[in-house]
Amino acid sequence: MNYLIYFNGRRWDVPCGLGLGRPVIRRAWSDQCVDSSDLGKMDGMALLPASVPHSSAAVLRSWTLDGFQGLRGLRAALRDTVAETSGRDLGDVLDRMSVVVTELATNALRHGLPPTVVRLLRVGNRLIIDVADHDLAAAPRVDEDRPLGAGGLGLRLTRTFAIDVGWYATDGAKHVWASFPS
Amino acid sequence: MANSYKIGQERAADGATFLRITGELDITARDDLREAILAGLGDGDVIVDLDAATFLDSEALGALIDGYHAARDRTAGFRVVNARGMVARVLLVSGVLDLFGP
């Protein structure tokens, strides 16, 4: 399976297996960088570098959400799982992960087709939150009835609180991921 | 299913409304929060007290921003107070902490 990857402002088609630990360039991408017409030209997702998951990622836990009412339980379950799996004092990492998982899952629930699948992965010394939705045809859009900037705030929070943020597309699903120290 | 949050309302003698928030504010709280703020602004100033709020995301923050704008339209006062920990940090990163008053 080939993935799309954007690195240093250019598009590369690379085979799977490329690691997540690559440095990612955080800057705005032009529309030209988005290959598939349905992968978020019009919104903040176009500002995220696309990068592939690591082939050796260990899935620690997986949750399926079908509505916004599940967000609180997701936050609690994520905290419990991370606290169990991490041997050290995480400081504010749990708080940061709570915000990011909420932002990413809310976006997926709003714009994607159910189910929204949230996974907690471990890759090396990173914990990864990976949120997938199954609607490539309807890319995340800025809702016109939302206050201006509300969508951008979620992205800003995610990029501030996570170490790295990116996205990738596989057959039938779009994944947005964010990494944290473990 | 029970909400993740509560919005307690107190009315001061001068007509100001205090909204005391308990719990987690995400998209499920957004509309209730916005309505409570707008209703309060109809009578006077609104102060949102986040002392007991344990979570705030960009959706709920959107309701606070709506409140800020609505207050300006009506020349009423709108403040968000007592944010702590991660809730304060979300306001800070979003650039609204100063906007919402001390």
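Author: B:Asn82 is partly exposed, because its relative accessible area is 43%, and that class lies between buried, under 20%, and exposed, over 50% (1.4 Å probe, protein chains only). The model is predicted: local features need pLDDT of at least 70, side-chain atom pairs count only at pLDDT 80 or more, and totals for chains, interfaces and linings use all residues. Residues are numbered from 1 along each chain as its sequence is written, chains are lettered from A and ligands numbered from 1 in the order in which they are written, and side-chain values use heavy atoms, with hydrogens and water left out.

Reader: Why is B:Thr75 called exposed?

Author: The relative accessibility of B:Thr75 is 73%, so it counts as exposed. B:Thr75 has its place in the loop between α2 and β4 (78-81) of chain B, and its phi, near 45°, is positive in a residue other than glycine.

Reader: What makes B:Thr17 a buried residue?

Author: B:Thr17 has a relative accessibility of 1%, and therefore counts as buried. This residue lies in strand β2 (residues 17-25) of chain B. Not counting residues up to four places away in sequence, B:Thr17 touches residues including B:Gln9, B:Arg11, B:Gly40 and B:Ile47, where contact means heavy atoms within 4.5 Å.

Reader: How do you know that the side chains of B:Thr17 and B:Arg11 make a polar contact?

Author: A polar contact is a pair of N or O atoms within 3.5 Å; within protein, one must be able to donate a hydrogen and the other to accept it, and residues adjacent in sequence count only if both atoms are side-chain atoms. The side chains of B:Thr17 and B:Arg11 make such a contact at 3.0 Å.

Reader: Which strand holds A:Leu65, and why is this residue called buried?

Author: A:Leu65 is in strand β3 (residues 58-65) of chain A. The relative accessible area of A:Leu65 is 6%, so the residue is buried. Leaving aside neighbours within four places in sequence, its contacts include A:Gly70, A:Leu74, A:Ala105 and A:Pro115. A:Leu65 and A:Val117 are 52 residues apart in sequence, with their C-alpha atoms 6.3 Å apart in space.

Reader: Where is A:Pro115 found, and what kind of peptide bond joins it to A:Pro114?

Author: A:Pro115 is found in the loop between α2 (93-111) and β4 (116-123) of chain A. The bond between A:Pro114 and A:Pro115 is a cis peptide bond, with omega about -5°.

Reader: Why is A:Ser179 called buried?

Author: A:Ser179 is buried because its relative accessible area is 3%. Its place is in strand β7 (residues 173-181) of chain A. Beyond neighbours within four places in sequence, A:Ser179 is in contact with residues that include A:Arg126, A:Ile128, A:Ala162 and A:Asp164.

Reader: How many helices and strands does chain A have, and how much of the chain is buried?

Author: Chain A comes to 3 helices and 7 strands, in the order β-β-β-α-α-β-β-α-β-β from the N terminus on. Of its 182 residues, 51% are buried.

Reader: What makes the pair B:Asp26 and A:Arg75 a salt bridge?

Author: A salt bridge is a side-chain nitrogen of Lys or Arg within 4 Å of a carboxyl oxygen of Asp or Glu. The side chains of B:Asp26 and A:Arg75 meet at 2.9 Å, N to O, and form a salt bridge. Between chain B and chain A the count is 4 salt bridges.

Reader: How much area do chain B and chain A bury between them?

Author: Chain B and chain A bury about 2,000 Å² between them, 61% of it on carbon and sulfur atoms. Buried area is the accessible area (1.4 Å probe) that two parts lose on being put together, summed over both. In chain B, the residues that lose the most area to chain A are B:Ser58, B:Met86 and B:Val93, together 26% of what that side buries. The contact takes 24 residues from chain B and 23 residues from chain A.

Notes
Helix = DSSP H or I, 4+ residues; strand = E, 2+ residues; numbered from the N terminus.
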